[in-house]
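Good morning, colleagues. I would ask you to look at the model on the screen while I go through it.

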Amino acid sequence: MEAFFQTYGFLLVYMCLQALLGLSTYLPLMAGQLSLASSGFYAIGGYVAAILSTQVFHTSGAYPIGYLLLETLLAGLLSGVVAVVVGIPALRLRGIYLALATIAMVEILRVVSLNLSITGGAVGIFGIAQPFSSPLGYMWLVGPLLLLVMFFAYRLEGSRIGRAFIALREDELAADAMGINPTYHKVLAFALGAMLAGVVGAISAHFLNTWNARQGTFDVSIAVLAYVLIGGSRSFAGPVLGGMVLTALPEVLRPLKDLRFIVDGLLLMLAAIYLPQGLANPNWLARRKTAPVREKT
Amino acid sequence: MREKALSILVLVMLGTVSAQKVTIPIPIGVSVAQTSNVALLGREQVIGAQIAEQFFNSQGGINGTPFKLYFEDTSGDEAGAINAFQTQINRNKVVAIIGPTLSQQAFAADKIAVEAKVPVIGPSNTAKGIPQIGDFVTRVSAPVAIVAPYAVKAALKLDPNIKKVAVMYAQNDAFSTSETGTFQDTVKAQGLEITTVQKFQTTDTDFTTQVTAALGTKPDLIIISGLAADGGNLVKQLRLAGFKGLLIGGNGLNTANVFPVCQQYCDGVIIAQAYSPTAPGSLNAAFRTVYKNTYKREPSQFTAQAFAGVQVVVTALRALDKQKKLDQWDLPELRVALMKQILSGRYNTPLGPISFGPDRDIIQESNYVAQIKMDADGKNGKFEFLK
């Protein structure tokens with residue numbers, strides 16, 4: 001048991017972080033917005049934490065948790081502000097065009113971070129202070145955060161705003177006609193996802209001990225989108241499950257050596273073909289839940 | 001239940017180490033990028049390590065005790081490197097780790113080894129600050145600052161009339177951005193003028209903008225810091241645009257992989273090398289022969305550095321084994337002693353003689369500057385020594 005935690009402590013926390021990142025893409029997708037910007041906000045969050053902890057807060061010994069929480073707060077806020085500024089014009093685009101615009105944003109952020117001296121150029125920022133003595137220690141922070149965000153997403157799905165998101169996803173014109181403000185709700189969903197991605201980035205910078213321009217790239221965008229699509233895009237359980245399974249899979253398959261990524265890809269293909277609704281299919285869970293709702297209508 | 005979970009976590013955090021003996025064959029970890037887009041380098045490193053495993057085991061291993069390399073793929077990212085290191089330390093129970101491939105990965109993963117007190121030898125980590133990660137980190141790859149200046153001096157020897165220098169580098173590559181800094185400092189120190197600094201990406205294929213801008217300043221010498229594909233293409237496009245002056249390629253171009261990219265236009269490019277296949281020494285000759293027989297080409301710097309990494313660990317283990325047979329050591333005790341032994345030794349590797357300074361960084365005594373000579377058909381070429 002102890003050996004298990006020593007070997008896989010890092011992986012367990014990383015799975016939770018990736019699940020959170022999956023949720024950050026799921027939030028705009030709830031309102032029908034195919035955004036690949038999560039990785040960009042993830043990068044912003046990481047840089048906020050990396051710069052603050054290496055250049056502003058000078059500490060010796062274990063890094064105070066309070067500072068880490070402050071960094072995550074600032075990272076979340078900054079990401080949220082950037083999301084609103086970018087989101088208002090960008091969210092006029094739909095579907096694949098929005099996806100392209102968000103890819104452009106991610107690429108711009110990457111090139112900017114490569115060229116600034118404060119972000120350390122291509123080498124990035126390293127030697128980021130550690131608040132916990134082992135990777136598993138991060139679970140105290142990441143575990144509750146994941147539960148909290150899952151609970152938030154669960155409540156959101158049933159709330160007025162959540163229903164507005166879903167109405168927008170199903171038919172924007174109809175939703176608009178029913179008095180739902182599309183711009184407001186779309187930007188809100190986009191900003192919520194961005195704030196979450198920023199927070200995850202700030203924690204990840206400490207967790208990985210280093211941050212560089214290779215972190216929030218197009219590759220990450222696609223990986224995170226895969227969490228949502230393989231996991232299931234119709235309930236919050238999908239991205240969480242997808243993020244965890246897809247992160248763990250290459251490590252679980254490690255004994256296969258050179259074959260591991262081939263088997264990994266094969267399993268993903270099979271999942272995409274045979275479970276098109278995702279691993280977490282809400283119909284399985286909701287069969288019992290929807291019955292009383294139907295009586296009401 | 002909660003108390004139990006809590007006590008397990010506390011135990012884990014204390015990092016309780018039970019005394020365990022070293023297993024036979026002696027496990028040595030090699031964690032490099034065997035997958036992802038970094039695998040181009042990682043595969044070369046795997047080959048180098050495998051040649052070393054065969055070579056030293058056929059010499060009797062560690063004074064008669066065989067050793068075994070455990071390969072755990074890091075893939076191309078930081079998280080993958082950490083996962084691979086954790087597996088090496090806790091599952092494979094290795095005495096030392098050779099890896100990871102990229103400096104950025106090293107900044108993330110080496111910390112794990114330092115906390116577990118496991119020696120790490122970076123086979124190709126050239127960024128500033130690698131040995132400073134912690135007490136258990138060193139490298140067999142010379143930092144960029146050391147290799148680059150030789151090439152500039154060699155160019156000045158070939159053409160003493162050089163006055164104006166244009167510099168170009170791949171801005172998304174950590175190695176190239178550090179290397180160009182060194183190149184620029186050297187150029188200024190030699191009293192030459194830098195006319196322009198042009199940036200490109202390792203993924204670029206069209207360099208019209210950079211080529212036009214650079215040639216507009218009429219340079220006598222152009223220095224390129226990039227990798228094989230982009231650097232080779234840039235060389236070709238500079239020559240096609242009519243550039244007649246000298247070209248210096250950084251360490252990223254120190255591979256036969258550039259030959260098919262720039263073909264006959266590669267001819268004459270001056271390359272700074274941390275490793276040269278034609279370097280003297282019987283061990284390099286043996287290593288080169290094994291490589292050439294199997295792969296029908298010259299070994300690259302990455303292969304030689306991985307070989308040297310394994311060699312350093314094996315040589316240090318041999319010295320420790322003479323003090324006390326290896327199977328008598330407790331694993332944690334051996335790891336600590338091994339690190340000390342590694343740093344105190346001097347090793348005659350294919351890279352030439354190397355040792356380690358008080359800051360744990362490599363001291364590589366021979367650096368090479370070569371000039372590319374292409375065959376008449378422009379298909380194949382070789383690196384020719386400049387002295």
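Into which domains is chain B divided? Chain B comprises domain 1 (16-142 + 281-356) and domain 2 (145-273 + 368-386), with bounds that come from an automatic or database domain assignment. Please note that this is a predicted model, in which local features need pLDDT of at least 70, side-chain atom pairs count only at pLDDT 80 or more, and totals for chains, interfaces and linings use all residues. Residues are numbered from 1 along each chain as its sequence is written, while chains are lettered from A and ligands numbered from 1 in the order in which they are written.

The C-alpha centres of the two domains of chain B are 32 Å apart. Ten residues from domain 1 of chain B and nine residues from domain 2 of chain B make up the contact, where two residues are in contact if their C-beta atoms, placed from the backbone, lie within 7 Å.

I turn now to the two chains. Here 31 residues of chain A are in contact with 29 residues of chain B. On the chain A side, α1 (2-30) and α4 (95-115) each supply at least two residues; helices are DSSP runs (H or I, at least four residues) and strands likewise (E, at least two), numbered from the N terminus. The largest share, nine residues, comes from α1(A).

Finally, Thr255(B) sits in the loop between β9 (246-249) and α9 (259-262) of chain B. Beyond its neighbours within four places in sequence, Thr255(B) is in contact with Ala228(B) and Ser300(B).
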